[in-house]
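Trainee: Please take me through the helix packing and the voids here, with the cut-offs behind each term.

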Amino acid sequence: PRLFLLFIGNRDAADLFGPSKSAIGHTYSNALTNASGLVVSKLGSFLNFLRYKLTMDNSERGGSLKNIHAHYDLSNDLFTTFLDKETLMYSSAIYDAVKAPSGRSGLVFRGTLEEAQWRKLDTLLDRAQVQPGQRLLDIGFGWGGLSLHAAKKYGCEVTGITLSVEQKALAEERVKKAGLEHLITFEVVDYRKFARRKENRGKFDRVLSCEMIEAVGHEHLGEFFWAVEQVLAYDGILVMEAITTPETRYETYRRSTDFINTIIFPGSCCPSLHALVDASYKQSSLTLEHIDNIGLHYAQTLAEWRRRFNASESFVRKLGFDDVFMRVWNYYLTYCEAGFHSQTENCLILVFSRQGCNGLVPLCETRSVTQLPALTDDEINAWISEA
């Protein structure tokens, strides 16, 4: 992704080396000013933004369903070519990693994608402090990896909701194969409609949402938190994994369009942390309690997805995908990898609850809030050699 890293560095150069701004002095551009000086470029950028706003809105009236169908219903067989073979999680994994030794930057990773995805699933359930037998709602359950793990490990009664017909079909096959039909129920339904059902009021001890919030859209973030508020038990916990945009770029980002939110994930928006907290404050009583940033792990995850995707090229072509698709998909995976590698996109695990939530007390234990001592260079090199 070196070319993309160069593009990112060029884009952010003015902010990095220009005069500092006060807290109230942030500026932003839009679909016109963010384009190059050519008239045709500005016109194209504006028309693309207009199409994004008018035809890709994530409304309950069908916009969300259409946008989800455009990506997630491409082909289950396509996604299985590059996702891990055990959990089928289409989200960042958490690898075994340490800081790179002196003279190098970033992290050094080891382990398989499969091992890393199991680690991520355990982390989400641990952050939610899931207890045996609890009722759990999985919003945007994908191919069922998180739901299956919660049911197997804790005996949770899991309800999953999605807008993807194809994902639901394969997820139900996996549930049946695991013999967990008595614990897991999946449904194709919008999260807002689900939350308005009287029988769901305060029903769930835990709500999990793994990289679904990006499909909500900036204008609908408050609706998401309102919906969670309706279904969450009084002492309940929401754990969300979210791809986020840094605050310094967010206003420009949401006032323009890019390759991801128009071509790959139509209608998508990777919110800033501030936008999420602001939405939770305005339309719910939920408070942000805990944050983990696993963005660098996402860069590694995407690199492995791209390697597996290209290794399966002949099979992908047999599914009916052509040269253009192969190039677009490689562009997408590399584009995103560069964003996380440069830490200009983040992937956060966020824990929300109402004030006074006793269920989160374990996250305040000393072992949870302190870091282990840093490894020496010798210990890091020994760790690397073991890998």
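Predicted model: local features only at pLDDT ≥ 70, side-chain atom pairs only at ≥ 80, totals over all residues.

Trainee: How are α5 and α6 oriented to each other?
Mentor: Their axes (lines fitted to C-alpha atoms over the stretch in contact, with angles from 0 to 180 degrees between N-to-C directions) come within 10 Å and cross at roughly 70°. The classes are roughly parallel under 35 degrees, roughly antiparallel over 145, roughly perpendicular from 65 to 115, and oblique for the rest. Therefore α5 and α6 are roughly perpendicular.

Trainee: How many charged residues are in the contact of α5 with α6?
Mentor: Contact (heavy atoms within 4.5 Å) joins Trp118, Leu121, Asp122, Leu124, Leu125 and Asp126 of α5 to Gly145, Leu146, His149, Ala150, Lys153 and Tyr154 of α6. The classes are nonpolar (Ala, Val, Leu, Ile, Met, Phe, Trp, Tyr, Cys, Pro), charged (Asp, Glu, Lys, Arg) and polar (the others, Gly among them). Seven of these residues are nonpolar and two polar, and the charged ones number three.

Trainee: What orientation does α5 take to α13?
Mentor: The axes of α5 and α13 come within 11 Å, crossing at roughly 140°. That angle makes α5, relative to α13, oblique.

Trainee: Which residues in α13 meet α5?
Mentor: α5 passes α13 in a left-handed crossing. On the α5 side the residues are Leu113, Glu114 and Gln117, and in α13 they are Thr301, Glu304, Trp305 and Arg308.

Trainee: How is α13 placed relative to α15?
Mentor: Helix α15 spans residues 323-341 and packs against α13 with the axes 7 Å apart, at about 160°. That angle makes the pair roughly antiparallel.

Trainee: How many charged residues are in the contact of α13 with α15?
Mentor: The α13 side includes Leu296, Leu302, Trp305 and Phe309, and the α15 side includes Phe325, Trp329, Leu333 and Phe340. This contact has 13 nonpolar and five polar residues, while the charged count is two.

Trainee: How much space lies in the largest cavity?
Mentor: Cavities are sets of points on a 1 Å grid over the protein atoms alone where a 1.4 Å probe fits but cannot get out; pockets are open sets with protein on both sides within 12 Å along at least five of seven lines, and lining residues have an atom within 4 Å of a point. Points are joined across faces, edges and corners, and volume is the space filled by probe spheres set on them. The count is one cavity of 30 Å³ or more. The volume of the largest cavity is about 30 Å³.

Trainee: Which elements each supply at least two residues to the lining of the largest cavity?
Mentor: The lining consists of Leu137, Ile139, Ile161, Tyr191, Phe194, Ala195, Ala227, Val228 and Val231. By class it is nine nonpolar, no polar and no charged. The elements are β3 (135-139), α8 (191-196) and α9 (221-231).

Trainee: Which lining residues are closest to the centre of the second largest pocket?
Mentor: The second largest pocket holds about 1100 Å³ of space. Of its 36 lining residues, the closest to the centre are Ala97, His297, Thr370, Gln371 and Leu372.

Definitions and conventions. Residues numbered from 1 in each chain as written. Heavy atoms only, no water. Helix = DSSP H or I, 4+ residues; strand = E, 2+ residues; numbered from the N terminus. Left-handed = near helix turned anticlockwise from the far one by under 90°.
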